[in-house]
Amino acid sequence: MSELPLFRSIKPVEAGFKPDAEIVIFSGDVSEFVAQVPDNSVALVVTSPPYNLGKEYESRVSIEQYLKTQSQLIAQLYRILREDGSICWQVGNFVENGEIYPLDILYYPIFKELGIKLRNRIIWKFGHGLHASKRFSGRYETILWFTKSDNYIFNLDAVRVPAKYPGKRHFKGPNKGKPSGNPLGKNPSDVWEILVQDWEELVWDIPNVKSNHPEKTVHPCQFPIELVERCVLALTNTGDWVFDPYMGVGSSLIAALMHDRRAMGCEREAAYVEIAHKRVLDYFNGTLRYRPMGRPVYQPTGKEKVSQVPEEWKEPSQVRLLEQRGEYE
Ligand SMILES: C[S@@+](CC[C@H](N)C(=O)[O-])C[C@H]1O[C@@H](n2cnc3c(N)ncnc32)[C@H](O)[C@@H]1O
C-alpha cells in the first residue's frame, strides 16, 4: 500500500465539457456526453469498456448488438480524437456457454474501418484470477493501442524500465567494449506485468486476494492506475486531454492528473461517479491509496508458508513438479 505524500491545490471538477476545464466528470450515458466534446480535441482515449458479461452495471445483449452499439461510440471517439492522438482499448474475453470470444479480435475491424492504425497489441499479464477447469486459466488481457495518423505522440523515454543486464557491452564492431544498452533504461515492450493484487499486502489466509489491492473499491472491474499511467506518459504531453468514456471509479482520471494532464470521464452508475469524485479529492489531499507505477512484482522466495506443499499432499503431489524444476527456469 502507498499513499501519495503531497497535498496539492484542489482543482474544480466540472459536470459537463468546458474547453478551459481541467477535470470533467459526467454522470450519465457516454453517448450523451461525447456529443458535447469538440472535434480533434482529445489526445488520448483510454478505457476498459463493459465486456457484455452481464456484470451488475450492464445488461447483456447479443454480441452483434453489443458490437454495433460500440461501433457507434467509437466513430464519435474518432471524431473527438486529435490528429496526433491515440486510443487505448483495454479488453478481455466475452464468454458464452464456456466458449471465449476475445474482444480485441472482434473490436479490431471496427477501428480498422475508421482508418486508424494499430501500433501495439499490448498483453497485460497478471498472476492471479479464476482457476478454470475446462480450459487454461486466463492470465492476461490486452490493450489495443491505435493512433489516428502516422504523426503521433510517443514519449518512449518517459516510460523506460530498468534493463535486466545494464552492464552488457558490445562484444564486437566499432563500439566493442562500450555499454550496449540505453542509459535511460529499456523499452518496456508490449508485455506488461501489472498486478491486480498487492502481494506485499497479502494476508495469506484471506481467499479474496483482489480485495488486498490498495486501490480496490466496490467496483467489480477496476484497472490499476499504473496501467493507465504508462499510456498517459507515453502517448500525451502535459496539459493534454485524457478521456475515459467508461471511467468506472475514475482510475484513468487519476492517472492523468498525476502527470499534469487534463482529465475527463463519464460513468452511468451514480455510485461509481461518487467514488470517482472522492478518489480525485483524495488524490489532491494526498490520501489516495494506490500502488505506485513500476514497483517490482513480488517474487516468492519459496520459504513462505503458502509456498510449501501441504503435508497431506506429499505423495503423490506437486513435490514431483518441484523436484523436476531445478534451480533455474
Ligand atoms: C469495465 S468498467 C470500467 C472500470 C474502470 N476502468 C475503473 O478502473 O474503475 C466499465 C464501466 O462502464 C460503465 N458504463 C457502461 N455502459 C455505460 C454507458 N453507456 N455510459 C457510461 N458508462 C457506462 C459501467 O457502469 C462500468 O463502471
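Okay, let's start with a pair of helices: α2 and α3 cross in a right-handed sense. One caveat before going on: this is a predicted model. The contact uses Leu-67, Gln-70, Ser-71 and Ile-74 from α2, and Leu-106, Ile-110 and Phe-111 from α3. Sort those by class and you get five nonpolar, two polar and no charged residues.

On the geometry, two packed helices are described by the angle between their axes and the distance between the axes. Here α2 covers residues 63-80 and α3 covers residues 103-113, and their axes come within 10 Å and cross at roughly 40°. Angles under 35 degrees would count as roughly parallel, so α2 and α3 are called oblique to each other.

How many of the residues of α5 are buried? Eight of the eight, so α5 is largely enclosed by the rest of the structure. If you want to click through them, they are Ser-251, Ser-252, Leu-253, Ile-254, Ala-255, Ala-256, Leu-257 and Met-258.

And what do the buried residues of α5 pack against? Strands and helices both: the strands are β2 (23-27), β3 (42-47), β10 (241-244) and β11 (262-267), and the helices are α4 and α6.

Let's take the helix partners in turn, α4 to begin with. α4 and α5 (residues 251-258) pack at an angle of about 50°, and their axes are 8 Å apart. With that angle, α4 and α5 are therefore oblique to each other. Their crossing is right-handed. On the α4 side the contact is made by Ile-225, Val-228, Glu-229 and Val-232, and on the α5 side by Ser-251, Ser-252, Ile-254, Ala-255, Ala-256 and Met-258. Class by class, that contact of α4 with α5 has seven nonpolar, two polar and one charged residues.

Next, α6, residues 270-285. The axes of α5 and α6 come within 9 Å and cross at roughly 20°. That makes α5 roughly parallel to α6. The handedness of the α5 and α6 crossing is right-handed. Leu-253, Ile-254 and Leu-257 are what α5 brings to the meeting, while α6 brings Ala-276, Arg-279, Val-280 and Tyr-283.

In soluble globular proteins, nonpolar side chains tend to be buried together. In this model the largest nonpolar core has 63 residues, and the members that touch the most other members are Val-42, Leu-44, Val-242, Leu-253, Ile-254, Leu-257 and Ala-276. Which element gives the most to this core? That would be α4, with seven residues.

Setting aside residues up to four places away in sequence, Leu-253 touches Ile-23, Asp-244, Met-247, Ala-263, Gly-265, Ala-276 and Val-280.

His-219 sits in the loop between β9 (191-193) and α4 (225-235). Is His-219 buried or exposed? Buried, because His-219 has 21 C-beta neighbours inside 10 Å, and the cut-off for buried is 20 or more. Skipping neighbours within four places in sequence, the contacts of His-219 are Gly-248, Val-249 and Tyr-272. Glu-22 is another story: His-219 and Glu-22 are 197 residues apart in sequence and 25 Å apart in space, C-alpha to C-alpha.

Asn-97 has a phi near 50°, positive although the residue isn't glycine. Asn-97 lies in the loop between β5 (93-96) and β6 (99-102). Asn-97 counts as exposed because there are 4 C-beta neighbours inside 10 Å.

Ser-189 also has a positive phi, near 70°. Ser-189 belongs to the loop between β8 (140-147) and β9. With 10 other C-beta atoms within 10 Å, Ser-189 is exposed.

And one that takes us back to α5: just after that helix, Asp-260 takes a positive phi of about 60°. That's it from me.

Technical notes
Residues are numbered from 1 along each chain as its sequence is written. This is a predicted model: local features need pLDDT of at least 70, side-chain atom pairs count only at pLDDT 80 or more; totals for chains, interfaces and linings use all residues. Helices (H or I, at least four residues) and strands (E, at least two) are DSSP runs, numbered from the N terminus. A residue is buried if 20 or more other C-beta atoms lie within 10 Å of its own, exposed if 12 or fewer, and partly exposed in between; C-beta atoms are placed from the backbone. Two residues are in contact if their C-beta atoms, placed from the backbone, lie within 7 Å. Axes are lines fitted to C-alpha atoms, for helices over the stretch in contact, and angles run from 0 to 180 degrees between N-to-C directions. Angles under 35 degrees count as roughly parallel, over 145 as roughly antiparallel, 65 to 115 as roughly perpendicular and the rest as oblique. A crossing is left-handed if the near helix is turned anticlockwise from the far one by less than a right angle, and right-handed if clockwise. Ala, Val, Leu, Ile, Met, Phe, Trp, Tyr, Cys and Pro count as nonpolar, Asp, Glu, Lys and Arg as charged, and the others, Gly among them, as polar. A nonpolar core is a set of buried Ala, Val, Leu, Ile, Met, Phe, Trp, Tyr and Cys residues joined through C-beta atoms within 7 Å.
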